[in-house]
Amino acid sequence: MATSKKTTRKKLAPAVRETAAAKDYPALLSEVKARIQSAQYAALRAVNKELVGLYWDIGRLIVERQQTEGWGKAVVAQLAADLQAAFPGTCGFSASNLWRMKSFFETYSGAGKLAPLVREIGWSHNLIILERCGDAQEREFYLRMARKFGWSKNVLAHQIDNQSYEKSLLGQTNFDQTLTPALRAQAKLAVRDEYAFDFLELGQQHSERELERALITRIEDFLRAMGGMFAFMGSQYRLEVEGKEFFIDLLLFHRRLHALVAIELKIGEFEPEFVGKMQFYLAALDAQVRQEDENPSIGIILCKEKTRTIVEYALRDARKPIGVATYEITKTLPKKLKDQLPSPEAIAHLLESI
């Protein structure tokens, strides 16, 4: 009888080992897939860097020949035809693209800070920035942001359409007084002065609840309009303090800042008392919801209108990190703000800290 039991145990052993291996297989598959994706991404980055470098060199050669030998349009057209004949099936060597390469080199060859950045994003990304941004610092902003956040071509175009550069620089916050130096620059870029919710089907007259519901219905568009680095945590997010209930209109999480972001929606003009209410929400979030490894919660008060001086005074002595912004259902930056952009030196300092 003892021999029979021993034989049974021997027969079961391979099956047990096979079951254990089957349990380990998903972890193995996940690890191998992650490694393949990492290698593919590294290969794509290397190929992209070489491609942008190639286009840079072609642009440089065209510029040099034009300067020394007086090349004209006819020579560029001939060069395009010969390259297409020499490399059939290879895209990118049309006459129009050769002129873009020339413009690409001319734009960045004298910009010491920007020349390395252009190799860190795709050629199509570079063309969008080159053709749609007329200012060197604006180009630097989008080059750095596209590289840092891995924006797709469509997201980059959307950010430019929504004037993220101007709205980031004009932002009204108290982050200099309430956040550590390591978080300030990132937080300033995360909170804009104005948000364009042009995807909403709302009239100019609407309630706060209607606005909230419309944003939740188009949550992907909303998160993209907010900057693309936010995750949705909830609407009418419930907090309980001393037996009383309080509700935050929208609660998001910023992946780069690693912080909760409370959003209060106001369909009218900014009022100073909004800051006190937001400070209460942030204190409760930090005490009850924030995880130990997360940074302090941040508040965004979204209003239809605001008076900049009133906002400045209201935020001056606030102890919690808060930004005040407006929203529009169009893409235009208010004309009265176009002349209020910071000085070139201030813009350069912000860009350096990205």
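**Ground rules.** I worked from a predicted model, where local features need pLDDT of at least 70 and side-chain atom pairs count only at pLDDT 80 or more, while totals for chains, interfaces and linings use all residues. Residues are numbered from 1 along each chain as its sequence is written, and side-chain values use heavy atoms, with hydrogens and water left out.

**Entry 1, helix α2.** I took helices (H or I, at least four residues) and strands (E, at least two) as DSSP runs, numbered from the N terminus. Helix α2 covers residues 73-86, 14 residues in total. I compared its reach with the expected span, which is 1.5 Å times one less than the number of residues. From first C-alpha to last, α2 reaches 20 Å, close to the 20 Å expected.

Next I sorted its residues by relative accessible area: buried is under 20%, exposed over 50%, and partly exposed in between (1.4 Å probe, protein chains only). Val 76, Ala 80 and Leu 83 are the buried residues of α2. They cover an arc of only 70° around the axis, so they sit on the same side of α2; the arc is that of the directions from the helix axis to the C-beta atoms. On the face turned away from that buried side I found the exposed residues Ala 74, Ala 85 and Ala 86.

I also looked up Asp 82, which is in helix α2. Asp 82 has a relative accessible area of 42% and is therefore partly exposed.

I ran the same check on α3, residues 95-108. Its 14 residues should span 20 Å at 1.5 Å a residue, and its end C-alpha atoms are 20 Å apart, which agrees. The buried residues of α3 are Asn 97, Leu 98, Met 101, Lys 102, Phe 104, Phe 105 and Tyr 108. Their arc around the axis is only 160°, which puts them on the same side of α3.

The search used a 1 Å grid over the protein atoms alone: a cavity is a set of points where a 1.4 Å probe fits but cannot get out, a pocket is an open set with protein on both sides within 12 Å along at least five of seven lines, and lining residues have an atom within 4 Å of a point. Grid points are joined across faces, edges and corners, and a volume is the space filled by probe spheres set on the points.

The second largest pocket holds about 390 Å³. It is lined by 15 residues, and Tyr 41, Arg 45, Glu 120, Ile 121 and Gly 122 are the closest to its centre. α1 gives the most, with six residues.

For classes I counted Ala, Val, Leu, Ile, Met, Phe, Trp, Tyr, Cys and Pro as nonpolar, Asp, Glu, Lys and Arg as charged, and the others, Gly among them, as polar. The pocket lining then has six nonpolar, four polar and five charged residues.

The largest cavity has about 120 Å³ of space. Of its 16 lining residues, Met 145, Leu 189, Ala 190, Arg 192 and Gly 227 are the closest to the centre. α5, α7 (164-169) and α9 (181-190) each supply at least two residues of the lining. By class, the cavity lining has nine nonpolar, six polar and one charged.

Is Lys 306 buried or exposed? Lys 306 counts as buried, at 12% relative accessibility, and is in the loop between β6 (298-305) and α13 (308-316). I listed its polar contacts, meaning pairs of N or O atoms within 3.5 Å; within protein, one must be able to donate a hydrogen and the other to accept it, and residues adjacent in sequence count only if both atoms are side-chain atoms. The Lys 306 side chain contacts the side chains of Gln 172 (3.2 Å) and Asp 193 (2.8 Å).

His 206 lies in the loop between β2 (194-196) and α10 (208-217) and is buried at 10% relative accessibility. Its side chain makes a polar contact with that of Tyr 327 (2.8 Å).

Gln 236, not a glycine, has a positive phi of about 45°. Gln 236 is in strand β3 (residues 230-241) and is partly exposed at 28% relative accessibility. Glu 242 has phi near 50°, lies in the loop between β3 and β4 (244-254), and is exposed at 80%.
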